[in-house]
Amino acid sequence: MSIASACLPAGSSKMPGASPAARPLAVSGGHIISGLVGLGALFLARQGLPFDPRWLIAPGVGLAVLLMASGRALHPPAAANPAIALVVPTEPISFAIALFAGAVLLAGLTFLIDLVDKRVKVGGG
């Protein structure tokens, strides 16, 4: 996950006219959906395919975008997760841990910032 993905749910989701891609659900959900597609592509790539596994990148990204859009969790930077899973040499468990830890951290950070923001407004600060 990028620094931009970390900033989006905390700040820009409160701005008037903010993009739906900045909603916390779109950021965390988009990364989880796209990451699961990436894990599936990584699993397929390890099955001894008769072609270069990098050919799975485009269908993986396309499927990730389709699933994110149908789940109303479209977050364009998250669409890169299947490509990352196939290009970066990693074990599936390492990829899954990083993916879910990042999504949980983003959701937790957003919740914490919202909580602090509400307390500051209520306290008159």
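Author: Helices H2 and H3 (residues 57–70) pack with their axes 9 Å apart, at an angle of about 145°; the axes are lines fitted to C-alpha atoms over the stretch in contact, and angles run from 0 to 180 degrees between N-to-C directions. This is a predicted model, where local features need pLDDT of at least 70 and side-chain atom pairs pLDDT 80 or more, while totals for chains, interfaces and linings use all residues. Numbering starts from 1 along each chain as its sequence is written, and side-chain values use heavy atoms, with hydrogens and water left out.

Reader: Which residues make the contact of H2 with H3?

Author: From H2 come Gly30, Ile33, Ser34 and Val37, and from H3 come Gly60, Leu63, Ala64, Leu67 and Met68. Contact here means heavy atoms within 4.5 Å.

Reader: How many helices and strands does the chain have?

Author: Five helices and zero strands, running α-α-α-α-α from the N terminus. Both are DSSP runs, with at least four residues (H or I) for a helix and at least two (E) for a strand.

Reader: What makes up the largest nonpolar core?

Author: Six residues: Ala41, Ala45, Leu56, Ile57, Ala83 and Leu86. To qualify, Ala, Val, Leu, Ile, Met, Phe, Trp, Tyr or Cys residues must be buried and joined through side-chain atoms within 4.5 Å. Beyond its neighbours within four places in sequence, alanine 41 is in contact with Leu56 and Leu86.

Reader: Why is threonine 90 called buried?

Author: Threonine 90 has 18% relative accessibility, so it counts as buried; the cut-offs are under 20% for buried, over 50% for exposed and partly exposed in between, with a 1.4 Å probe and protein chains only. Threonine 90 sits in the loop between H4 and H5 and touches Leu42, Arg46 and Phe95, leaving out residues up to four places away.

Reader: How do you know that glutamate 91 and arginine 46 form a salt bridge?

Author: Their closest N and O atoms are 3.8 Å apart. The rule asks for a side-chain nitrogen of Lys or Arg within 4 Å of a carboxyl oxygen of Asp or Glu, so the pair passes. Glutamate 91, in the loop between H4 and helix H5 (92–122), is 45 residues away from arginine 46, in the loop between H2 and H3. Glutamate 91 is partly exposed because its relative accessibility is 46%, and arginine 46, at 45%, is partly exposed too.

Reader: How many salt bridges are there by this rule?

Author: Two. Arginine 54 also pairs with aspartate 52, the closest N and O atoms being 2.6 Å apart. Arginine 54 counts as exposed because its value is 54%, whereas aspartate 52 is partly exposed at 31%.

Reader: What makes the phi of arginine 72 worth a look?

Author: Its phi is near 55°, a positive value in a residue other than glycine. Most residues other than glycine have a negative phi. Arginine 72 lies in the loop between H3 and H4, and at 66% relative accessibility it counts as exposed.
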